[in-house]
Amino acid sequence: MRAKEFKAIGIGTESKVNPTFYKKLITKKINLQDDGVKFSIYNRGGNSFGSLDFMHLPGAVGVLIARLIYPSLGVMDYDGRIANLICFSLIFYFLIKKNEHAKWSMTLIFMVGGIQKIFSPSYDVVSFLVFSAFVVNLMDLVRIEKIRDVGLKKVIYTIFLICSFYFIKRNYIFAFFALLGLPMLYRPVINKVRKLSSLGKTFLSMLILGIISVACLFLNKKISIFTIIKKFIENYMNVELMGNNAKQLWQVVPTTLPIFVNILFILILFIVMMGELKATWATGTVIIFSLTYLVNWFGIFAGFFIDSASLASANLQGRYLSPFLFFFVPFVQNLGQKFNFTMFEKSVRRLSVWTIIIISVLYLVVTFYRSYVLKITPTWTNNA
């Protein structure tokens, strides 16, 4: 189905949309007489972190319903998309309601950043939901001072979310680094270190430095970590190596929209982050959460580099990085508190809602214009 959809919208056919082919996909029924109905859990060939694929389950339910109503490839494809959208909308709604710290920031990041994903058959929908649930829960854990104050339900829920990462998009596992930013974990360690004598602190520093050095040397024998670090720095100091992806690396809005729309969106996102909640976050939390974005960025690059060094920079796009923008919420909200930046709740809500509406409408207009007027690939840009 994916190949036929690409053919209909021009991928692999000189970027020319084929309306006749597309119409036949919708109207022509396929013979399912000898085709049994069953669900299979299978290996996705490396697209998910785990060996089992649950990420297409909502879309699969939609396809099954469509085949009972009108079994054409196009209708089944559309129903899979609609099922994904309904699944995302229902679960994301409850996550937004639960998020007390940055609900509009999360809404902007995942709705605008996922416009092409949340009503597609993509596995990103389930990945978005698991990742969103994880960061919402993480924000709650940040406010708990001591480990003993974490209730049993919260412990079980946190373990469940951590285990869920095994079945989603593999790079999201880098979000686990943010767990080090929980005050209940790092404050006891810092307090004990502060009580050490000068000699004890020196010995501990040398021990940590030695462990890190040995670990890096051992790791370097396995995956050439020093070469990866060097290439990572070279690529982002010389964006010519990245080709067209250099301008898409921090693109959150769909890539078919002009770059200035993305610039405006990033500005609005940080205004919303700063203005939606007057809160002060611990310095350790701010540092670790912000570094989580860099850990994810470097980790994805390293993964691509190990697979194909020549294509590492060309493969890394904004869609891999944009969900991790949420980890800048503590840093930006601390800035808002420092400069006494305030906004009415109604203003934050209106700014967020209208941003989503305007960008969504622009995306639909551009998609329609590209496909039905220009008759070229409607939803992708040339990444060559």
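In this predicted model, S105 touches L269, V272, M273, E276 and V329, leaving aside residues up to four places away in sequence. S105 is found in helix α5, which covers residues 103-112. Its relative accessible area is 0%. The cut-off for buried is under 20%, so S105 is buried.

The largest nonpolar core has 78 residues. Within this core, M106, F131 and F327 have the most contacts. Helix α7, residues 124-142, gives the most to the core, with 14 residues. The contacts of F327 reach several parts of the chain. Beyond its neighbours within four places in sequence, F327 is in contact with F131, V135 and L138, among others.

Helix α7 was then considered as a whole. Of its 19 residues, 19 are buried, so α7 is largely enclosed by the rest of the structure. Its length was also compared with expectation. At 1.5 Å a residue, the 19 residues of α7 should span 27 Å. The end C-alpha atoms of α7 are 26 Å apart, which agrees.

The structure holds seven salt bridges. One of them joins the side chains of R81 and D77, at 3.2 Å from N to O. R81 and D77 both lie in helix α4, residues 73-98. They are four residues apart, about one turn of the helix. Both R81 and D77 are buried.

Another salt bridge joins the side chains of D140 and K98, at 3.9 Å from N to O. D140 lies in helix α7 and K98 in helix α4, so this pair ties together parts that are 42 residues apart in sequence. The two partners have these accessibilities: D140 counts as buried, at 17%, whereas K98 is partly exposed, at 36%. K98 and D140 are also linked with K154 in a network of salt bridges.

A salt bridge is also formed by K117 with D124. The closest N and O atoms of K117 and D124 are 3.5 Å apart. K117 counts as partly exposed, at 23% relative accessibility. D124 counts as buried, at 2%.

F177 has its place in the loop between α8 (152-164) and α9 (183-194). F177 and V295 are 118 residues apart in sequence, but 7.7 Å apart in space, C-alpha to C-alpha. F177 is in contact with V295, and also with I288, L291 and T292, neighbours within four places in sequence being left aside. Relative accessibility is 26% for F177, so this residue counts as partly exposed.

L257 has its place in the loop between α11 (225-237) and α12 (259-275). L257 counts as buried, at 3% relative accessibility. The C-alpha atoms of L257 and T367 are separated by 9.3 Å, and the two residues are 110 residues apart along the chain. Not counting residues up to four places away in sequence, L257 touches Q251, I359, L362, Y363 and V366.

L362 also takes part in a feature of the surface. A nonpolar surface patch of about 600 Å² is made by L362 together with V353, W354, I357, I358, V361 and V365. W354 lies in helix α17, residues 345-373. W354 is exposed, with a relative accessible area of 52%.

Backbone angles were considered last. Most residues other than glycine have a negative phi. S224 has a positive phi, near 50°, and is a residue other than glycine. S224 lies in the loop between α10 (198-223) and α11. It counts as partly exposed, at 33% relative accessibility. N340 has a positive phi of about 55°, although it is not a glycine. N340 lies in the loop between α16 (329-338) and α17. N340 is exposed, with a relative accessible area of 55%.

Technical notes:
Residues are numbered from 1 along each chain as its sequence is written. This is a predicted model: local features need pLDDT of at least 70, side-chain atom pairs count only at pLDDT 80 or more; totals for chains, interfaces and linings use all residues. Side-chain values use heavy atoms; hydrogens and water are left out. Helices (H or I, at least four residues) and strands (E, at least two) are DSSP runs, numbered from the N terminus. Buried means under 20% relative accessible area, exposed over 50%, partly exposed in between (1.4 Å probe, protein chains only). Contact means heavy atoms within 4.5 Å. Patches are made of residues with over 30% relative accessible area and no salt bridge: like charges are joined within 9 Å, nonpolar side chains (Val, Leu, Ile, Met, Phe, Trp, Tyr) within 5 Å. Accessible areas come from the Shrake-Rupley method with a 1.4 Å probe; for residues, only the protein chains shown count as cover. A salt bridge is a side-chain nitrogen of Lys or Arg within 4 Å of a carboxyl oxygen of Asp or Glu. A nonpolar core is a set of buried Ala, Val, Leu, Ile, Met, Phe, Trp, Tyr and Cys residues joined through side-chain atoms within 4.5 Å. The expected span of a helix is 1.5 Å times one less than its number of residues.
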